[in-house]
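This briefing goes through selected local features of one structure, grouped by topic.

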Amino acid sequence: MDPFVGSTPRETLKQVSASLGCSLTSAAVAEYLDKVDGLSHLRKEFLVPKIADLPHSDLSLVDGTKECIYLVGNSLGLQPKMARKYLEEELEKWAKTGIHGHTEGSRPWAWAEDNIEELMADVVGAKTEEVALMNGLTVNLHLLLLSFYKPTAARHRILLEDKAFPSDHYAVESQIRLRGFDPERSMLPLSPRPGEETLRTEDILKVIEEEGDSIAVVMFSGVQYYTGQLFDMAAITKAGQRKGCYVGFDCAHAVGNAELKLHDWGVDFACWCSYKYVNSGAGGLAGAFIHEKHKYTIKPALLGWWGHDLKTRFLMNNVMELQPGVNGFRLSNQPILLVCPLQASLEVFKKTSMQALRRKSLLLTGYLEYLIQHYHTEDPTQPDKPHVRIITPSDPKQRGCQLSLCFSIPIRKIYQQLEKRGVACDMREPSVLRVAPVPLYNSFSDVHRFIETLGSALTASQNEEHL
């Protein structure tokens, strides 16, 4: 039996536990799933911190020699082992050859990103010429909106989710002001229904249908950073374009996490950072996508030397020969020391596929969901027992690997207790713990260890409250 293909995660887990003759909560289930996981070898491509090296570990509570339980790849991915080698190669080249590094070696600095854009395009479901690696996410979002947001008196609004990531909110707000419009009138933030945590696809599509004639740009996240909701990008794109809107996505939490098909879906534009699920290091080189249908019609509003065709770039005649599509949006040469770790990570992605990673992810996150619900669902017969509520959609098709957990007792205490026990996860105000088992390097045993540790952390937190 291949547990990564076929039935729902819950059904698969039941089949595995039955075949092993043990409880579904047994560590034997995790051990078996790790044993048959065809992607488990990829973990060896990354450096997993030891518990003793984490700053808040309490070594009186946990064995510091063990690898930590790293479930925070949604905030910062692990370091690929090859990153150091590639960085050292370029530092050595700089030391020995100086300026000649611009054009020599396996990674010439003047066009280093060309080595890896095909790899990046595979991860986001795009053609190589539709992808550029450059800048940071918010810089790219501004560059894209300068060209795609063309407000008129009748069509000037930008539709986005309420409580979008702050950088998206600020970028949209400032772009509206830049064109002389009022964000109070031109920003159209969409909130969940009262009493609900996430947006319903039908509600998004309804707003686009009803308000589309006044909307210039639909700009959603691919995966919502707080709730972990994976939006139906194909349906949103189709609905927005049918009403004459440009449709773009901030894919920061979707790239390397969900299976993206930016080209096939006909998305107009997208941007993303690369230091979360793509593991390029904090502040790593970001990406941008413009669909090939806009290759000759959408031009950059701001020009830079690197947007000039490479064949004549160094003639220095100041007569712009603009590269078509997203390549024309380049401003400057890419920082080689940021290219190196991104290359190291993308080469790991090349050893598998987003389809295979997604298959594993569905089961890995489904396993986490089952164990949380089994141990920590609210129990009316034990009103004082701490409980957990998952606000991420229960439908696996509407989420990536992240689950966002709300707790019945103060979250900061739980977070601190988890940190003491060697868990790396992520707390977001006001009340959410974000836990992301990343299929590229996390194991089923990581999930089982986390659940055991969460139980200890909840008990310790509750005891603290009663002191």
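His263 is part of helix H10, which spans residues 262-265. The model is predicted. His263 counts as buried because its relative accessibility is 18%, and the cut-off for buried is under 20%. Leaving out residues up to four places away in sequence, His263 touches Gly125, Ala126, Lys127, Glu130, Phe289, His291 and Glu292.

**Seven-stranded sheet**

- An open sheet is formed by seven strands in the order E4-E10-E9-E8-E7-E5-E6, and its pairing is mixed.
- The edges are taken by strand E4 (131-133) and strand E6 (187-190); each has a single partner strand, so one side of each has no neighbour in the sheet.
- On average, and with direction ignored, neighbouring strands of this sheet are turned by 15 degrees against each other.
- Within the sheet, strand E8 (residues 246-250) pairs with strand E9 (residues 269-272) in the parallel sense, over three bridges.
- Gly248 has Phe269 in E9 as its bridge partner.

**Helices against the sheet**

- Helix H4 (residues 117-124) packs on the sheet and touches E4 and E9.
- The direction of H4 makes about 120 degrees with that of E4.
- Helix H9 (residues 233-242) lies across strand E7 (215-221) and E8.
- Relative to E8, helix H9 runs at about 150 degrees.

- Strand E12 covers residues 403-407 and is mostly covered, with five of its five residues buried.
- In a regular strand, side chains alternate between the two faces of the sheet.
- Both faces of E12 are covered: Leu403, Leu405 and Phe407 are buried on one side, and Ser404 and Cys406 are buried on the other.
- Strand E11 (residues 388-390) runs antiparallel to E12 and is joined to it by three bridges.
- Strand E15 (residues 432-435) is also antiparallel to E12, with four bridges between the two.
- Leu405 in E12 stands opposite Ile390 and also opposite Leu433 in E15.

**Glu184**

- Glu184 lies in helix H7, which spans residues 183-186.
- Is Glu184 buried or exposed? Glu184 is exposed, because its relative accessible area is 72% and the cut-off for exposed is over 50%.
- Arg157 is 27 residues from Glu184 in sequence, and the C-alpha atoms of the two are 9.9 Å apart in space.

**Cysteines**

- How many disulfides does a search of the whole structure find? The search finds zero.
- A disulfide requires two cysteine sulfur atoms within 2.5 Å.
- For Cys340, the closest cysteine sulfur is that of Cys273 at 19 Å, so the distance is too far for a bond.
- Cys340 counts as buried because its relative accessibility is 0%.
- For Cys425, the closest cysteine sulfur belongs to Cys68 and lies 10 Å away, which is too far for a bond.
- Cys425 is buried as well, with a relative accessible area of 7%.

How values were computed:
Residues numbered from 1 in each chain as written. Predicted model: local features only at pLDDT ≥ 70, side-chain atom pairs only at ≥ 80, totals over all residues. Heavy atoms only, no water. Buried < 20%, exposed > 50% of the residue type's maximum accessible area, 1.4 Å probe, protein only. Pairing = 2+ DSSP bridges. Contact = heavy atoms within 4.5 Å. Axes fitted to C-alpha atoms, helices over the stretch in contact; angles between N-to-C directions.
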